[in-house]
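Colleague: I would like to go through the labels on this model and hear what each one rests on. Please set the values beside the cut-offs.

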Amino acid sequence: MRPAAFITGITGMVVVAGLLMAGEARLGGGTAGEETASAEETATAPADAAPDAGKPATMSDDRAEMIARSVEPAAPPAPDPGDGVTSKPADLPQQAETAARQTASPSAKKATELARPVVDNAGMLSFGERRLQIAGIVPTSVDRICGPAGRQWPCGMLAKTALRLLLRNRSVSCDLETVEWKETVTTECRLGTEDLGAWLAENGWAEAAVGSPLTAAAEKARQAGKGLYGDDPRRH
């Protein structure tokens, strides 16, 4: 064989092999492109698109989670700390009832008749083991002594006697929350229409408590020299 013919044959084989390889690469690239396009179409296809008959519908975990989140109802926004929270309609009656109980007095006082009070001093009454302090005044101790040196007198005892003679074992009417109170309660009491606190202050048998409406009456009695502020009434 001639050298020129041998070289020509080898060159032709190389060219044919190159053409075959190029054709195979082109065919492979077209298939990959088609597969990529098919995958993109599947991912972007509408959710209600029916799959081809005989082919199972497939979906990735990420795609399923994304769809589930898109249809999940959104949670209501939390109220701003600075905004007032609107009550539910069902809560309004209960809140109104609570407000009414808070506005009303826990237990309204009412006039209660108490029989045969025992006078402990000018300002304190006893009913068995229970005691009642007359409002508006400072009870006068039975041990109180009044008057200047040499002319002193037991004004505390006489103040107690004055109140006892006024009551004379008659019933009094006192403003109480309950008749079953314990220990000592402070309230207003009356003998008929006579307010006991006012009577003691006006006659000088007890001093007015701080901030009491009876302060003016007690001061007037002091200036007039009545009761605790005067002389021993037994000398008159």
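Colleague: What makes the link of Cys 174 and Cys 189 right-handed?

Modeller: The angle about the S-S bond is 70 degrees for another pair, Cys 146 and Cys 155, and 115 degrees for Cys 174 and Cys 189; both links are given as right-handed. This is a predicted model, where local features need pLDDT of at least 70 and side-chain atom pairs count only at pLDDT 80 or more, while totals for chains, interfaces and linings use all residues. Residues are numbered from 1 along each chain as its sequence is written, and side-chain values use heavy atoms, with hydrogens and water left out.

Colleague: Why is the pair Cys 174 and Cys 189 called a disulfide?

Modeller: A disulfide is a pair of cysteine sulfur atoms within 2.5 Å. The sulfurs of Cys 174 and Cys 189 are 2.0 Å apart, so the pair qualifies. Cys 146 and Cys 155, at 1.9 Å, therefore qualify too.

Colleague: Which parts does the pair Cys 174 and Cys 189 tie together?

Modeller: Cys 174 lies in strand 6 (residues 172–176) and Cys 189 in strand 8 (residues 189–191), so the link joins parts 15 residues apart in sequence. Strands (E, at least two residues) are DSSP runs, numbered from the N terminus. Cys 174 also stands opposite Cys 189 in strand 8.

Colleague: How do you know that strand 6 and strand 8 pair?

Modeller: Two strands pair if DSSP finds at least two bridges between them. Strand 6 and strand 8 have two bridges, in the antiparallel sense, so they meet the definition. They belong to an open sheet of four strands in the order 1-6-8-9, with antiparallel pairing. Strand 1 and strand 9 (194–195) are the edge strands, each pairing on one side only.

Colleague: Why is Thr 112 called buried?

Modeller: Buried means under 20% relative accessible area (1.4 Å probe, protein chains only), with exposed over 50% and partly exposed in between. Thr 112 has 11%, so it is buried. Cys 174 and Cys 189 are both buried as well.
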